Amino acid sequence: MTENKLDVYYHNRHVGTLAEMPDKRVAFQYAQSWLNEGFPISPFSLPLKNEVFIPKEGSRDKFLGLFGVFADSLPDSWGSLLLDKYLMSIGIKKESVSTLDRLAYIGESGMGALEYRPCKKSDYSIDISGIDYDMIASECEKILTSKPSDQLDMLYNLAGSSGGTRPKVLLSENGKEWIVKFPASNDPSICGKREYDYSLCAKKCGINMTETGLIKSTVCEGYFKTERFDRIVNHKKFVITFSGLLETDYRAPSCDYDTFMKAIRVLTRDNKEDVMQMFKIMCFNVLTHNLDDHTKNFSFVYDDERQWRLAPAYDITYSDTYWGEHTTSVNGKGKDITDADLIKVGTNAGLSQKKCSELLDEIKENIKDLDIYLNHKPKRKSGKVKPTDRMSELSAKEE
Ligand SMILES: Nc1ncnc2c1ncn2[C@@H]1O[C@H](COP(=O)(O)OP(=O)(O)O)[C@@H](O)[C@H]1O
Ligand SMILES: [Mg+2]
């Protein structure tokens with residue numbers, strides 16, 4: 001049955017209600033109790049006010065008619081593919097499933113802390129002891145290449161709510177929650193080990209990441225796993241991606257690291273540690289060919305002290321974009337980025353020139369560990385990145 005209203009919950013507290021409008025956009029209103037003691041779940045788009053919020057026209061193309069913060073709860077291509085196939089297997093056509101239905105299928109299992117009721121699926125987690133990862137990788141490949149898989153139900157339950165493009169599963173092990181990533185069809189067999197090596201190197205550069213690991217395989221160099229920062233021992237942490245917060249389409253170049261810095265300064269009340277983190281991540285991404293630095297690859301966490309903080313870094317690995325430039329520009333440039341460009345973003349964000357140079361030198365020294373991956377760096381093509389409306393709005397707010 002198609003839902004046209006859905007309630008949003010956080011730690012069993014009613015946050016508000018979503019309602020589908022005739023034009024398929026999904027309006028939102030906070031619950032009175034949340035207005036009294038909650039926090040704005042998307043500070044720029046949904047301030048704590050007693051009104052009916054309606055997403056912009058463009059939300060239909062970008063976010064299936066939702067505000068970005070709710071679109072964050074929906075899976076990206078891999079999870080959506082699993083949901084579509086699962087629905088097909090129980091005789092439901094994907095065309096007949098509305099955006100609110102999709103959220104209802106996510107129910108309590110979404111990334112972050114928001115839950116949707118009435119839900120069509122309950123939270124599902126299994127102990128991974130004894131799981132055959134090579135078997136999972138092979139079943140994922142079957143799904144990606146449209147071959148029949150008899151493990152569809154298991155994969156859907158393990159990853160139907162996951163974000164990102166690559167196949168992955170969400171699991172708990174030894175009291176911790178993990179994301180395990182598998183290769184996409186065009187990934188080399190080294191990709192799991194490479195992402196693991198990148199994570200070790202990023203940590204050495206002082207970049208904050210959760211625990212990471214490499215799972216052994218008999219068919220490739222291993223599978224990358226990372227501890228979830230939105231789950232701490234059965235406790236759900238509220239997270240929002242930069243895409244959700246800034247209402248930007250993560251698939252297209254839409255932001256500059258300067259915008260990211262502004263968002264951090266506004267949201268974290270100029271937390272110097274977070275500004276430095278972003279500076280280090282930006283330098284690392286530029287120096288290690290992580291071109292796919294789009295707005296869903298960065299998040300904020302709302303912590304227990306009721307403060308916004310930059311989330312630990314993730315999806316830090318060698319990556320290309322098909323236009324050959326960084327998805328997020330540096331000082332307006334998507335390619336041919338110089339030290340001066342990097343330092344300009346840092347100084348604009350209030351870091352001293354000396355601090356920026358020191359951090360940059362430290363990263364240059366440490367990334368020598370990744371030389372094996374960087375020696376065959378492909379040539380990049382040209383083009384300028386166009387800022388979005390949201391970016392100018394945010395700049396206007398700050399200035
Ligand atoms: N350690 C983590 N903790 C919590 N959420 C994460 C973590 N790593 C990734 N995510 C979330 O999962 C999504 C997909 O992960 P990502 O590593 O970006 O995969 P992909 O390579 O498929 O893009 C991210 O966009 C982010 O929202
Ligand atoms: Mg990603």
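This report describes a metal site and some backbone features in a predicted model.

## Basis

Residues are numbered from 1 along each chain as its sequence is written, and chains are lettered from A and ligands numbered from 1 in the order in which they are written. In this predicted model, local features need pLDDT of at least 70, side-chain atom pairs count only at pLDDT 80 or more, and totals for chains, interfaces and linings use all residues, while side-chain values use heavy atoms, with hydrogens and water left out.

## Magnesium site

Asn 297 (OD1) and Asp 315 (OD) coordinate the magnesium ion (ligand 2) at 2.1 to 2.3 Å. Donors are N, O and S atoms within 2.8 Å of the metal (3.2 Å for Na, K and Ca); water is not among the atoms, so the site may look incomplete.

The two residues are 18 apart and link distant parts of the chain. Asn 297 is in the loop between helix H11 (272–287) and strand S12 (299–302), and Asp 315 is in the loop between strand S13 (308–310) and helix H12 (339–348). Helices (H or I, at least four residues) and strands (E, at least two) are DSSP runs, numbered from the N terminus. Both Asn 297 and Asp 315 are buried. Buried means under 20% relative accessible area, exposed over 50%, and partly exposed in between (1.4 Å probe, protein chains only).

## Backbone features

Most residues other than glycine have a negative phi, and most peptide bonds are trans. Arg 117 and Pro 118 are joined by a cis peptide bond, with omega about 0°. Pro 118 is in the loop between strand S4 (114–117) and helix H6 (133–144).

His 11 has a positive phi, near 45°. This residue lies in the loop between strand S1 (5–10) and strand S2 (13–20), and is partly exposed at 34% relative accessible area. Asp 336 also has a positive phi, near 50°. Asp 336 is in the loop between S13 and H12 and counts as exposed, at 52% relative accessibility.
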